[in-house]
Amino acid sequence: MPNPETKPPLLQRVLDNPWLLLVLGVVIPLLSYTVWGWIEISLVPPATLP
Amino acid sequence: MSSTLTVPIPASPEPAAPAASRKCDTTGLNVCLGAERFIQFNAVAAVVFLLVGGIAAILLALTRWQAVHLLPVDWFYRVLTLHGVNMLLFWILFFEVAVLYFTCTVPLNARLFSRKIAWASFAQMLIGALMVNGIILKGQADVLLTSYLPLVAHPAFYLGIILVATGTLTAVYNFFATLYVARRDRTFEGSMPLVTFGATAAAIIAVVTLLHGAIVMIPTFSYAMGWTAQPDPMWYRMIWWGLGHQSQQVNVCAMVSVWYLIGQLTTGAKPVNETVCRTAFLLYILFINLASAHHLLVDPAVGSAWKIWNTSYAMYLAVLASMIHGFTVPASVELAMREKGHAKGLFGWVTHLPWKNPAFSGALLSLLIFGFIGGITGVTLGTQQINIIAHNTLRITGHFHATVVGGTSLAFMALTYYVIPLIFRRDFIWRSAARAQPWMFGIGILFVSLGMSFAGSLGVPRRIYDIDHSGAFGAAAHLMLGVMGIGALLAVTGLFLFVILCVGTLLFGERNHGRAMADWGVAQALPGSREGSLAEDHWAVKGTIALTAVFLACFAVYYFANWKALADVWPVR
């Protein structure tokens, strides 16, 4: 019979926590794609008109 | 890694609340009546918008087929806009909301959190979609799905898309609230079932997708109203693709969940390893949204480091996830078939699969088209160097017709062959036609995708009304556009047949109240076979391993052929 005191493995605890997954799933693409890209675009100097 | 997760099997759960649910006469599961109603509403709306998008599709195909060239130029761009929003947004989003409501209630033995919120979601989405379609047909939004600035549509176009996005986000909130209440009330034990976990991944991706939609559409709506200055076009492109591409990643998660579900319903397949399958979904959650950068590979305002990091989905970890699912779904089916006694040779089990079941054939075709065509072309075209010879050609369109149409739409059609009998409780009419429908649609879209891809390889651009004005394209390009056109005729015939079957069944299908749904045919076990008999046999899925080797060989050939094509147009001396 399994010991009720035994914690599930770390990966299972991560997979069983939809709120943690929600935070990670929002933060990682926002940082990697959106914030980084926004910074790059904001650093482009405005084009001068001919 | 061995399986460590415990999956609940709700064999005979207690009803969630008296009169709030019914017991399914086929599966024995409790069906929340509130969720059932909104699954029905969203599924019906989805099929209506699919029909609108399908009518637009055949008009477009018969125009891009240069020998036919059906539409006048203004109507080409109008219908192209109509096709994009109905197929990539409305059909998919409404159906996904139906999938979310199903997966957070029935497999968890739970009640939908709020009917009022579900009404608010549905009303927003429906009003928004009708606004968008109305303004497009009035000719005041010929800006295509992407609506790149400085093109400007009527404000109702942007407001409609905002409403669809907020409505979907409202449904996603209802999904998460239902999960929370189900866990709090312990309506299930252990980890949530895999299909619900996949839907959770889809919902998480939907949150970040819809956030991008709000960020980009609200200032653009304000600009169209004349209230604020024009947003920067490059900024618009980047944020818009956070909506446009990521919404397709919601599809991927939902589609993969459907594959697992149909595998279980039709062959009794169970995931070969729960932990591996869930970890693959985790990789989707973390990395698949970065792929939006594919659309900006030739944009000058973002640097190579940003492009390469993001278009490699953070070093291809999300691609790894797709390949894991592409292995585990057929492997689980093969294992189930061998355990049923169909163990002859490498592929003897294949002949005993339930091919006459349209849900099974649709899901299998979806998996093959998505993996072999959509997946291989996607990773190749998303490589920064190769993208330079493919960007804005029909190759891109060929790729996403394999992923979104051959993959997602076909998987959703396949699921419908169970949704209508189980949720609407009517058996399908014209069952022989239903058995043929996935094949018509799948083979048709395969020709569409290949015709587009080869025409694009010859340089034919996407989103262009007329390619003959330049005289640059010869007989080969026109032949490939003809292949696309013939494929579209077949695929749209399959789509219309699907709509006729759905509508006809809802109107005239025999009710199955009080009895099990009419059986489409499932895999049969031979006498003496035993479930679980091959659980420890690591070579039991040798047929799938062989198929995987074929897939990887195709991948390598296509990938390196494209590097050769790049070297041919861009010689390094």
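Me: Why are helix 5 of chain B and helix 8 of chain B called roughly parallel to each other?

Reply: In this predicted model, the axes of helix 5 (residues 194-224) of chain B and helix 8 (residues 274-287) of chain B cross at roughly 10° and come within 9 Å. Axes are lines fitted to C-alpha atoms, for helices over the stretch in contact, with angles from 0 to 180 degrees between N-to-C directions. Angles under 35 degrees count as roughly parallel (over 145 roughly antiparallel, 65 to 115 roughly perpendicular, the rest oblique). The two helices are therefore roughly parallel.

Me: Which residues in helix 5 of chain B meet helix 8 of chain B?

Reply: Among them are Phe197(B), Ala201(B) and Ile205(B), and the partners in helix 8 of chain B include Cys277(B), Phe281(B) and Tyr284(B). Contact means C-beta atoms, placed from the backbone, within 7 Å.

Me: What makes Tyr284(B) stand out in the largest nonpolar core?

Reply: Of the 202 residues in that core, Phe94(B) and Tyr284(B) touch the most other members. The largest share of this core, 20 residues, comes from helix 2 (residues 73-103) of chain B. Leaving aside neighbours within four places in sequence, Tyr284(B) is in contact with Ala201(B), Val252(B), Cys253(B), Ala318(B) and Ala321(B). A nonpolar core is a set of buried Ala, Val, Leu, Ile, Met, Phe, Trp, Tyr and Cys residues joined through C-beta atoms within 7 Å. Buried means 20 or more other C-beta atoms within 10 Å of the residue's own. Buried residues make up 57% of the 573 residues in chain B.

Me: How do you know how compact chain B is?

Reply: The radius of gyration, taken over C-alpha atoms, is set against the globule rule, 2.2 Å times the number of residues to the power 0.38. Chain B has 23 Å, close to the 25 Å from the rule for 573 residues, so chain B is as compact as a globular protein of that length. Chain B has 16 helices and two strands, which are DSSP runs (H or I, at least four residues; E, at least two) numbered from the N terminus.

Me: How many residues does each chain bring to the contact between the chains?

Reply: Chain A brings 22 residues and chain B 30 residues. Helix 2 of chain A gives the largest share of chain A's side, 16 residues.

Me: What should I know about the numbering and the model?

Reply: Residues are numbered from 1 along each chain as its sequence is written, and chains are lettered from A and ligands numbered from 1 in the order in which they are written. In this predicted model local features need pLDDT of at least 70 and side-chain atom pairs count only at pLDDT 80 or more, while totals for chains, interfaces and linings use all residues.

Note on methods
Contact = placed C-beta atoms within 7 Å. Buried ≥ 20, exposed ≤ 12 C-beta atoms within 10 Å, placed from the backbone.
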